[in-house]
Amino acid sequence: MVAEWFRQLKESANVNLTIFYDRFDGLTYLNGLATTVKLSAACLVLSVVFGIGGAWLQRSGWAPLRWLVNGYVAFFRNTPPLAQLYFFYFGVGSIMPLIPDGAGGTHRLFDNFQWAVISMSLFAGAFNVEIFRAGIEAVPKATTDAAEALGYSRFKAYIHIVLPLAFRISLPALNNNLVTMVKGTTIAYAIGVPELLTASATIWNASTNIPEMMNVLMITFLALVGILVVVMHRIERALHIPGYNR
Amino acid sequence: MSRPFAVLLPFRPGDGLAGIAGYRADRRVAAGLALAAGLILVHAAAHAATAGAKPAILETLWRWTPFLLGGFVWNIVISALAMAVGTALGFLLGIAQISQVRAVRAPSWFATQLLRNAPWLVLLFYCMYLLPFQLHVFGTRIGIPDWLKAAFGFALPVMAYVSEIVRGAIRSIPAGQWESAEALSFTRSQTIWMIIIPQCLKRMLPAWMNLYAIVTMASVLANVVGVSEGLTAAREMLAAEQRVELLLPVYAYVLLWFFAYCYPIARATVFLERRWAVAH
Amino acid sequence: MQKLLRSAALAIAMAALGGAAVQAEETLDKIKQSGKFVVGIKVDYRPFGYRNEKGEMLGLEHDLVADIAERLSAKLGKKIEVEKVVVTAQNRMQFLQQGRIDFMIATMNDTPERRKIVDIIEPNYYASGVNLLTRKSNGIKTWEDLKGKTVCTLQGAWYNKMLTEKYGFTAQPYAGPNEAAQATLDNRCIGFLDDDAHAASLLLGGGPWSEFEVPLETQAEAPWGMAIRFQNPELKDMLSKATAEWHRKGTIAALEKKWGIKSTKWVQTMQEKHKSQ
């Protein structure tokens, strides 16, 4: 019934929204949406891990470790994420070891979805390292001194006292980075990951309805980002540190 | 239990606090070392993959460098143009966002939010497919090359970001400035253009330079829609050479070019930020 | 401020209106006037069109374009220069429709849907079908073996949706044939859904491709077509005659040999057909 209305829309107003009346196109688009969400979630988790780990290593006493983290941050913040993706998927990916798959053949270690996650997490993680560093530095020295006075080891103080505070302080910047990352998942189009942009391109290549699909794509992303921003604002307000003005 | 009388101990960089001089040197050395390590790793990997054809790879890269550089120039052209157009339009949009007329303020806010929250690649697709490729103005035909369309596609998000930077900078000017201007009977328009904006420029510059680095990196996206630029040149080179062992070095080479261009900008931004730090 | 906004809006409206104007003049006149022959051509599809390290564009289709330019120069009585615009499978038809290029020769399969959008020259100049480039060790024997597997494809290929629906595999679309071929080499997918001319040229290259084969029955065989916009009868006629002459004189077969392509039966058939005319 809904499909019929859209089919008629094509005849009457020449607005061809095949995703609503063509089963293959509709499924393709929904799969694309699911993949985008999965990609964003995986990158979110991994980039936060990289950020926290990097911020911890940046404070280490051993200089080469600090150099490594700072070099990682400098490199990943100053090179294009698409070029990084190509470098990882085609460059590094081509020298990855072959592992046997279940069906008797072999394939490379990471597939394109996994490389997209790795590459984008490394990119977002570099920014997160800086964000967490700023957050950690914003924790008052008095607090860390108090922890020291109470007998916390450096590591325990980091986990139990500094990090929770730093996290709450840096939450707005983290949210900004998250929105940027969700928008950035579109570059996975270049390596064939079946996310939203790839799905839209597949649909408009077969059905030649480019303007309609682009508008649907834009609306979908605005909705995704909008929901994310609203949820993030709620969390920010709930975790806001009283008396700490931003 | 940590060090007693910690305050009496000599300062050690790497304690996690801002020992500014030591921290800066750390990062420069770090970046340089990371670069060197990266280069060594790439060569080692490529060497392992080809078992002895190492000179051929370096020599191939060197041979194709003019071609690759020619493509990279387009990245700079596209990003510079996008910044120019986007900054001009974004400035106006930012000022429109603080307008007292609701009919101006609301659409400006809406446009800014729309362009900020849309993926850059989607905006690029929009411009490439839906903008006309030539204009019929006053009877003559003016062709719009596709790099120009891509530049416009990037100018859209730049416009939104600049609008936010301008709005943030204007809001950070103390209210006293506005009040004094009003007391001296400046009109609102005069206040904005003659008093507020000149003070904002310094505050906006670091964020604006940061945006330029971001746009230069984003200009690579144009390769996805078929515009000839640095990454396109790299792919065409690989298509012509058809050698698997070139993949890693070529992409690493492209990354290095971008790093060499964007890292100095990032350092300059940090330097300016520190020099012109304004108490908020 | 208000004046600025108003004049900006006016300029944009004018530009939009102007841009929407339909191209009404004959392409041949346009070529004669400007002395330029704007063609859309590929540079990422060796050996039909690719670049060398000096940035020069070469390939089988580039040679054909040079031949057409000579014929145009002879016909129009002045030297016609070729201006090449790089196209991909995704934008070649749009560029032609919008008028960005006047002529398109970009390894495009001739299909009824495409004939509705652009004017395809007859007779066709080349032909190929779709096949799978896969490792011999994968043991793929029929199209049905692909069910549920991942196959590397090209963005913009017309047969993707049809074959995906028919045989139930998952498509992994790449922007260019080289990326898709590289992904296939890396075993990211069971095979590369490529047109058999390109696959054959890859196999000829040897090296890592010696472990590959093209085992399936060629599907979706479609001749390739050069295209121009509709309502250009003179240009269409000239190009048709040129193609017929290519087949009659064996130009295409000679070019196949030059670029190292295994001679195809289709070309031989066309040659015989036109020789007898």
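Reply: Happy to. Let's start with helix H2 of chain C: its buried residues pack against strand E1 (36-41), helix H3 (60-76), strand E14 (227-228) and helix H9 (233-249) of that chain. Keep in mind that this is a predicted model, in which local features need pLDDT of at least 70 and side-chain atom pairs count only at pLDDT 80 or more, while totals for chains, interfaces and linings use all residues. Residues are numbered from 1 along each chain as its sequence is written, and chains are lettered from A and ligands numbered from 1 in the order in which they are written. Helices (H or I, at least four residues) and strands (E, at least two) are DSSP runs, numbered from the N terminus.

H2(C) covers residues 27-34, with C:Thr27, C:Leu28 and C:Ile31 buried. Buried here means 20 or more other C-beta atoms within 10 Å of the residue's own; 12 or fewer is exposed, anything in between is partly exposed, and C-beta atoms are placed from the backbone. Viewed down the axis of H2(C), the buried residues fall within an arc of 100°, so they line one face of the helix; the arc is taken over the directions from the helix axis to the C-beta atoms. After H2(C) comes C:Gly35, with a positive phi near 70°.

Now the chain around that helix. Chain C has eleven helices and 14 strands, and its C-alpha trace spans about 70 × 60 × 40 Å along its principal axes. Of its 277 residues, 45% are buried. Among contacts in chain C with a separation of 6 or more, 68% join residues 24 or more positions apart; a contact needs C-beta atoms, placed from the backbone, within 7 Å.

Three strands form an open sheet in the order E2-E3-E4, with antiparallel pairing, where two strands pair if DSSP finds at least two bridges between them. Its edges are E2 (44-45) and E4 (57-58) of chain C, each pairing on one side only. E2(C) and E3(C), residues 49-51, are joined antiparallel over two bridges, and C:Tyr45 has C:Gly49 in E3(C) as its bridge partner.

How is chain C divided? The domain assignment gives domain 1 (25-125 + 225-269) and domain 2 (128-222); such bounds come from an automatic or database domain assignment. The C-alpha centres of these two domains of chain C lie 26 Å apart, and their contact takes 13 residues from domain 1 and 14 residues from domain 2. On the domain 1 side, the residues divide into four nonpolar, five polar and four charged. In these classes, Ala, Val, Leu, Ile, Met, Phe, Trp, Tyr, Cys and Pro are nonpolar, Asp, Glu, Lys and Arg are charged, and the others, Gly among them, are polar.

C:Glu217 counts as exposed because it has 10 C-beta neighbours inside 10 Å.

Where chain A meets chain B, 44 residues of chain A are in contact with 45 residues of chain B. H4(A) supplies the largest share of the chain A side, ten residues. That side of chain A has 27 nonpolar, eleven polar and six charged residues.

Finally, the largest nonpolar core has 207 residues, and those with the most contacts inside it include A:Ala83, B:Tyr251 and C:Met104. Such a core is a set of buried Ala, Val, Leu, Ile, Met, Phe, Trp, Tyr and Cys residues joined through C-beta atoms within 7 Å. A:Ala83 touches several residues of chain B, among them B:Val220, B:Tyr251 and B:Phe258.

Methods:
Two residues are in contact if their C-beta atoms, placed from the backbone, lie within 7 Å. Lists of a residue's contacts leave out its neighbours within four places in sequence.
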